[in-house]
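Try each task before you read its solution.

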Amino acid sequence: MEYFSPKVRKGIESKSKTISRRGFVLSIAKVSFFGIIFSRLVYLQLFKSKEFKQLSDRNRYREIKEVPERGSIYDFRQRVIASNNQVYQLSIFPREIKNLNEFFYSLRNYINFDILEINKFKREIYRHKKTKKYQAYIIDKKLSWETIAKINYNLSNIPYVQPMVSYERTYSYPEEFAHVIGYVAEPNKKELKKISENLLYVPNLKIGKNGIEKRFESEIIGSPGKSVIEIDAYGKQLRQVSFDEGIKGNNFYSTLDLDLQVYAKKVLGNESGSVIVMSTKGEIRCCVSSPSFNANLFTYGISNFEFKKYLKNEKKPLSNKSLSSLYPPGSTLKMLVAISALENNIVNKNFKIRCSESTEYFGQKYHCWKEKGHGIVNMKKAIKESCDIYFYEVARLLGVDRLYETAQRFGLGQYVFKNFIEEKKGVFPNTKWKKKYVGQPWYLGETIIAGIGQGYIQTTPIQLCKMIAQIANGGYKIKPSFNANDQFLFGEKIIQNDDHLKIIQDSLNVATNEWRGTSYRSRLKGALKYCGKTGTSQVRKITQEQRDLNIKNKDLPWKFRDHSLFTGYGPVSNPEYAISVIIDHGGSGSSKAAPISKKIMSKVFELYYQKEKNA
Amino acid sequence: MPSLNKSIIENFFLKLKSLDWFIITLIILISIISLLVLSSLDTGNKNLVEKHFLRIIFSFIVFLIVASVNIKTWYKFSYFFYAIVILLLILVDFYGLVGKGAKRWLDIGIFNLQPSELMKIAVIMALARYYQYIKTDEIDKVRNLVIPISLIIIPFVLVIKQPDLGTALFILLVAISILWLTGLNLKIFTFGTLSLLILAPLSISFLKPYQKQRILTFLNPENDPTGAGYHVIQSKIAIGSGGFFGKGYMQGSQSNLSFLPEPHTDFIFTAFAEQFGFFGSIILLILFLLLIYRIDVISKLSRSTFGRLLCFGVSFNFFVYIAINIGMVTGLLPVVGVPIPIMSYGGTAMLTSMIALGLVTSAKIYKDQNIY
């Protein structure tokens with residue numbers, strides 16, 4: 001034990017003993033430090049070795065996923081709506097680069113960067129380093145093929161960079177198809193995981209954010225390529241370890257018609273609204289929402305200024321009104337009320353009432369739109385001239401729950417598409433619904449206004465178009481779709497009695513093509529005729545005071561004006577195309593929506609029938 | 001004549017027998033490992049292995065010469081050797097080669113000599129010689145402290161001027177270990193340590209910016225992963241990724257793809273550990289531990305104070321080399337350019353190590369030599 005005392009007992013022990021004893025203390029120090037080193041090696045090489053192996057591989061290999069080419073989108077005549085540009089860019093791994101200034105300087109022989117660009121990239125790279133440490137960063141400058149070829153040739157002398165080909169979505173008609181096709185933009189992790197894990201960490205990958213681009217993403221997007229490259233510490237490529245070529249996404253053949261879509265957008269002009277045309281089997285030929293935005297702007301990040309401009313616009317250019325705006329259907333619901341009443345044997349076609357200016361139920365006054373009233377009205381006349389009083393009475397007799405049943409069968413209050421992110425479901429109320437969501441019992445007065453499509457009823461333009469198409473096609477259920485590869489077959493028959501159908505179709509025909517019909521002024525005079533029902537949906541309740549003052553719609557602020565609706569189909573003799581037009585705050589249906597429908601239907605006839613005629 | 005011849009041959013074999021074969025075996029084993037690692041590295045310098053091999057041979061011859069000379073001669077030669085190295089250090093100040101922001105080398109034709117390396121052994125010899133005469137109960141007297149402290153301070157100042165903080169502290173540490181061994185009063189050590197602690201913050205202001213940076217980086221290497229901390233991180237990755245059995249010979253991606261700084265000199269242990277893993281590292285550590293242990297054993301055999309102090313000093317010197325180097329490459333200590341004896345590629349360090357081992361062997365052969 002004496003060795004453990006470093007104190008020197010002077011004069012007692014020899015010098016050599018002192019040295020040995022103190023040497024022993026040193027030995028203890030040596031062995032303990034070796035112990036520390038030993039445990040450090042245990043920690044590094046045994047406990048943490050997995051982690052360090054991973055880090056070592058990350059040092060050594062550069063794994064780059066390549067953006068797959070998105071499938072193109074075509075219209076129903078195989079004309080391109082959305083395609084891709086090939087772009088040549090450089091990708092880098094920011095964590096490899098020690099000095100960014102030197103790096104950009106070393107590229108000056110190949111690429112002309114201006115100082116502002118470099119500063120922008122540097123800022124982005126710093127941010128990238130923090131959030132996506134192990135992913136490639138793409139220098140967002142499009143290079144010419146010559147530049148890329150030059151860089152590729154000299155690659156062994158240019159460290160860090162990795163030339164790459166990627167694809168950039170471009171739309172041939174960025175405004176016309178903006179809503180229905182949608183746009184692509186940078187994804188977030190959650191979105192990518194939903195589509196495929198494989199798509200994680202693909203630099204510069206853009207995914208569909210809405211519209212067809214999003215709905216059919218899994219088919220369009222393709223599968224990313226991947227190359228693994230061995231590099232040294234200076235970022236120089238040594239060899240390609242592996243390479244998997246990406247798979248191009250499937251092309252999407254839509255039912256849309258480029259000509260019709262472009263034309264409809266032109267007709268809508270500055271109006272806020274929507275035009276939908278579908279075949280009576282459900283092939284959607286055009287689906288326009290106005291005003292629109294430029295979808296190409298979103299591909300590489302829209303500027304804040306532009307985006308704010310869109311957001312501030314009260315006509316909401318960013319929203320797809322065809323699928324997501326909700327309107328009371330107004331008088332366009334009247335055919336459905338009539339069908340429901342007929343099918344439920346509540347009334348027959350000869351049921352008549354007398355329409356004076358207004359009627360009274362339970363002490364409450366209900367007005368017809370026509371100040372002097374329509375006189376004696378039967379069903380045909382009620383639809384033709386859109387008599388409100390007639391439908392108040394029919395609705396009262398029918399009751400909301402039976403009307404609800406019919407509306408359900410026609411698809412109101414239900415999604416038209418599956419998984420279309422922007423589509424709204426709308427509301428078709430019944431007594432149960434009100435109890436559940438409003439918490440109050442149903443009032444009979446609400447049934448009465450439901451008869452003219454007001455009150456709680458909220459529908460989207462696409463629902464209305466589907467509804468009228470199902471009336472036009474002989475009363476068969478359809479599944480509207482944008483996908484030309486779908487099977488467009490008639491489903492279940494939802495109007496059981498063909499006589500009833502005939503009454504409705506006749507009524508709609510006279511509503512457009514006979515004098516005093518609501519859309520008579522917008523009729524087509526040629527051989528091919530169309531017909532339909534106008535609608536004017538109120539966005540506010542008209543008080544007695546306002547009624548007395550006789551305030552004209554156009555004198556109101558835009559936001560309070562009525563929506564103008566039209567739903568119809570053509571040709572009358574053999575209905576093949578259904579249309580729904582809605583102009584936000586456009587006033588009465590006959591003044592705005594019907595004339596637009598006339599133009600569109602005339603174009604439909606020109607596009608789909610003219611040639612057959614000539615041939 | 002035949003009898004004379006016989007006696008020379010006999011004498012030679014006798015000497016050969018009395019050489020320390022334990023140490024020689026360890027030297028050969030470590031040299032083989034060193035050559036193996038160097039040849040696995042693709043540093044672009046193709047004759048690295050050849051050069052190192054030649055240096056081993058050359059240093060080994062020096063080792064044999066030093067070992068065969070009587071320890072008494074070395075005892076007499078101690079101050080002279082010390083003086084020569086001091087002179088060389090002064091020459092470095094004037095004619096030194098500049099590299100890595102410091103003047104450390106002298107060009108002597110065959111290779112670049114680093115006198116500060118030689119000083120590590122010179123200071124041990126000088127101190128050992130000084131304490132040969134001092135009686136145990138006079139050690140703590142102030143007049144007996146003047147010379148040893150001067151022997152330490154002069155080279156310390158010269159080396160720190162180069163600037164080479166690492167080597168200076170190395171010399172200081174080894175010299176203090178000699179003072180410790182002589183039985184210097186504990187109070188003096190306590191006093192010294194305390195005054196150093198007080199002086200340390202002051203001395204920081206005299207450090208060069210890169211030296212300050214190294215200390216800061218040591219405290220938190222991840223703070224600056226591409227800058228000064230890069231070496232340590234890469235070294236840790238290399239060692240850690242070796243795992244238990246290593247990536248295999250020639251398979252060290254960290255060392256071969258240049259992620260590792262200087263894999264042939266200061267970071268040679270890392271390159272070894274990456275290829276041979278924990279298993280290899282432990283074997284290497286055991287080899288060095290055995291070497292140190294063997295020198296300690298020889299120290300105790302030595303009859304003279306000079307021999308004892310010299311051997312303990314050399315063993316501590318080896319320990320400090322290994323401890324600092326492995327401590328540095330595993331991230332336990334800051335990065336100061338300290339090589340691993342015998343293993344690292346570097347002329348002077350190799351020579352110094354072999355001279356030191358030669359002296360130890362001489363102390364063993366002439367263990368019964370009385371210096372008085």
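Two residues are in contact if their C-beta atoms, placed from the backbone, lie within 7 Å. This is a predicted model, in which local features need pLDDT of at least 70 and side-chain atom pairs count only at pLDDT 80 or more, while totals for chains, interfaces and linings use all residues. Residues are numbered from 1 along each chain as its sequence is written, with chains lettered from A and ligands numbered from 1 in the order in which they are written.

**Exercise 1. The contact between the chains**

Task: Find how many residues chain A and chain B bring to their contact, and describe the side of chain A.

Solution: 
- Start with the totals: chain A gives 36 residues and chain B gives 43 residues.
- Next, look for elements, where helices (H or I, at least four residues) and strands (E, at least two) are DSSP runs numbered from the N terminus. Those that give two or more residues to the side of chain A touching chain B are α1 (15–47) and α2 (49–60) of chain A.
- The largest share of that side, 19 residues, belongs to α1(A).
- Finally, sort by class: Ala, Val, Leu, Ile, Met, Phe, Trp, Tyr, Cys and Pro count as nonpolar, Asp, Glu, Lys and Arg as charged, and the others, Gly among them, as polar. The side of chain A that touches chain B then has 15 nonpolar, ten polar and eleven charged residues.

**Exercise 2. Two chains in outline**

Solution: 
- For burial, a residue is buried if 20 or more other C-beta atoms lie within 10 Å of its own, exposed if 12 or fewer, and partly exposed in between, with C-beta atoms placed from the backbone. By this rule, 44% of the 615 residues of chain A are buried, and 50% of the 372 residues in chain B are buried.
- Try the rule on one residue: A:Ser144, in the loop between β4 (137–143) and α5 (145–153) of chain A, has 10 other C-beta atoms within 10 Å and is therefore exposed.

**Exercise 3. An open sheet and its helices**

Solution: 
- Two strands pair if DSSP finds at least two bridges between them. The order in this sheet is β12-β11-β19-β18-β17 (chain A), with antiparallel pairing.
- β12 (284–290) and β17 (531–537) of chain A are at the edges; each has a single partner strand, so one side of each lacks a neighbour in the sheet.
- Inside the sheet, seven bridges join β11 (residues 273–279) to β19 (residues 577–583) of chain A, and A:Ile276 is opposite A:Ser580 in β19(A).
- For directions, axes are lines fitted to C-alpha atoms, for helices over the stretch in contact, and angles run from 0 to 180 degrees between N-to-C directions. Helix α10 (residues 258–268) of chain A lies across β11 and β12 of chain A at about 30° to β12(A).
- Helix α23 (residues 593–608) of chain A lies across β11, β17, β18 (563–570) and β19 of chain A, at about 150° to β19(A).
- Among the buried residues of α10(A) are A:Leu258, A:Tyr263 and A:Leu268. Their cover includes β3 (80–92), β11, β12 and α23 of chain A.
- After α10(A) comes A:Gly269, with a positive phi near 55°.

**Exercise 4. The largest nonpolar core**

Solution: 
- A nonpolar core is a set of buried Ala, Val, Leu, Ile, Met, Phe, Trp, Tyr and Cys residues joined through C-beta atoms within 7 Å. The largest has 113 residues, and those touching the most other members include A:Ile276, A:Ala338 and A:Ile579.
- Its largest share, eight residues, comes from helix α20 (residues 461–472) of chain A.
- Domain bounds come from an automatic or database domain assignment. Domain 1 (62–253) and domain 2 (258–614) of chain A both contribute residues, so the core lies between them.
- Zoom in on A:Ala338: not counting residues up to four places away in sequence, A:Ala338 touches A:Met379, A:Ile383, A:Val394 and A:Ile504.
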